[in-house]
Amino acid sequence: MFKDLVIANRSYRRFYQDYNISADLLIELIDNARLSASAANLQPLRYIIVSEKEANERIFSCLRWAGYLPDWEGPEEGEKPSAYIVMLGDKEFPKFHHFDGGIAAQTILLGAVDKGLGGCIFASVDKERLQQEINIPSNMEIIVVIALGKPKEHIIIETAETSGNIKYWRDKDQIHHVPKRKLADILIEVIS
C-alpha cells in the first residue's frame, strides 16, 4: 500500500555502512526522478552519484546531521551512509529548480525505500566546500545532498503534543521518535 511506503520513508541517519549500493541502483533512482513532474517541464536538475569510500568521506564531512539533536555529531564509523546523490540545479534555470528538487528528492527516497533502503535529505550542507571536494561545475548549484544506505535505526512516528512540539528526539535505546501533527490540526476545511 502506498501509505506504508510513505510511513517507511523516514529521515534515516544511521546505516549499515558496509552495505553496498550499486551504481545501477543509484542510476535507477535518478531515472525515477527524471520521469517526475518538472515546473514548465524545464528539467533543470542534474545529479552526481557517489558510492566510493573516499569520496563518501569527503561528502560526509560537509553535512550537518541533526539540528534537533545538538549533542549528536552524526553517525559513527560503521553507521555512515553507503552512497550519496548530490542534486544540482542548472543555473540557467534558477527560477524553478528548488520546486523540482523537492519532487525529485521525494521520488528518489520513495524508490530507495521500495528497494529496502533509506535515506536523509540534507539542505544543511557546506556547499562551497562540497563544490570543491567533488569538483562540481561552476554552472551548477547544489540543491540538496541525499544520503542513502541500509537503515540501522528504528524510527517511530507519534502524535505531536498539544503544545505543538514537533522536535524529533532519541530515547535511551537510541530509538528515533518523530512527532507528527494530527490531521485535524493541518486540515483547515473540506469543501465538497
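Histidine 176 counts as buried, because its relative accessibility is 1%, and buried here means under 20%. This value, like the others in this report, comes from a predicted model. Histidine 176 belongs to strand E7, which covers residues 176-180, and its side chain makes a polar contact of 3.1 Å with the side chain of arginine 170.

## Salt bridges

By the rule applied here, the structure has 13 salt bridges. Side chains of opposite charge can pair when their charged atoms come close. Arginine 170, the polar partner of histidine 176, also forms a salt bridge with glutamate 153, with 3.0 Å between the closest N and O atoms. Since arginine 170 is in strand E6 and glutamate 153 is in the loop between E4 and E5, the pair ties together parts that are 17 residues apart in sequence. Arginine 170 counts as buried at 15% relative accessibility, and glutamate 153 is buried as well, with a relative accessible area of 8%.

A network of salt bridges links Arg170 and Glu153 with Arg14, Glu79 and Lys152. Within it, the side chains of glutamate 79 and arginine 14 meet at 3.9 Å, N to O, and both of these residues are buried. Glutamate 79 is in the loop between H3 and E2, while arginine 14 is in the loop between helix H1 (2-8) and helix H2 (23-34), so that the pair links distant parts of the chain, 65 residues apart. The salt bridge between glutamate 54 and arginine 58 (3.3 Å, N to O) has another setting, with both residues in helix H3, four residues apart, or about one turn of the helix. Glutamate 54 counts as exposed at 53% relative accessibility, whereas arginine 58 is partly exposed, with a relative accessible area of 26%.

## Aromatic rings

A search of the whole structure finds four aromatic pairs. In one of them, phenylalanine 60 and tryptophan 65 are tilted, at 5.4 Å centre to centre and with 40° between the planes, and both residues are buried. Ring pairs join Phe60 and Trp65 with Trp72 and Phe122 in a cluster, and the charged end of lysine 80 sits over the ring of phenylalanine 60, 4.4 Å from its centre.

The rings of tyrosine 68 and tyrosine 168 also form a tilted pair, because their planes lie at 55°, with the centres 4.8 Å apart. Tyrosine 68 is partly exposed at 36% relative accessibility, but tyrosine 168 is buried, with a relative accessible area of 16%. Arginine 13 lies over the face of tyrosine 168, at 4.6 Å from the ring centre.

In soluble globular proteins, nonpolar side chains tend to be buried together. The largest nonpolar core in this model has 28 residues, of which Ile59, Val86, Leu130 and Val145 touch the most other members. At least two residues of this core come from each of helix H3 (53-60), strand E2 (83-90), strand E3 (118-122) and strand E4 (140-149), and E4 supplies the largest share, four residues.

Leucine 130 touches Ile59, Cys62, Val86, Val125, Ile136, Ile142 and Val145, when residues up to four places away in sequence are not counted. A second, separate core has 20 residues, among them Leu25, Leu29, Ala33 and Leu45.

Note on methods
Residues are numbered from 1 along each chain as its sequence is written. This is a predicted model: local features need pLDDT of at least 70, side-chain atom pairs count only at pLDDT 80 or more; totals for chains, interfaces and linings use all residues. Side-chain values use heavy atoms; hydrogens and water are left out. A nonpolar core is a set of buried Ala, Val, Leu, Ile, Met, Phe, Trp, Tyr and Cys residues joined through side-chain atoms within 4.5 Å. Buried means under 20% relative accessible area, exposed over 50%, partly exposed in between (1.4 Å probe, protein chains only). Contact means heavy atoms within 4.5 Å. A polar contact is a pair of N or O atoms within 3.5 Å; within protein, one must be able to donate a hydrogen and the other to accept it, and residues adjacent in sequence count only if both atoms are side-chain atoms. Rings of Phe, Tyr and Trp (its six-membered ring) pair if their centres lie within 6.5 Å; planes under 30 degrees apart count as stacked, over 60 as edge-to-face and the rest as tilted. A charge sits over a ring if NZ of Lys or CZ of Arg is within 6 Å of the ring centre and within 35 degrees of the ring normal. A salt bridge is a side-chain nitrogen of Lys or Arg within 4 Å of a carboxyl oxygen of Asp or Glu.
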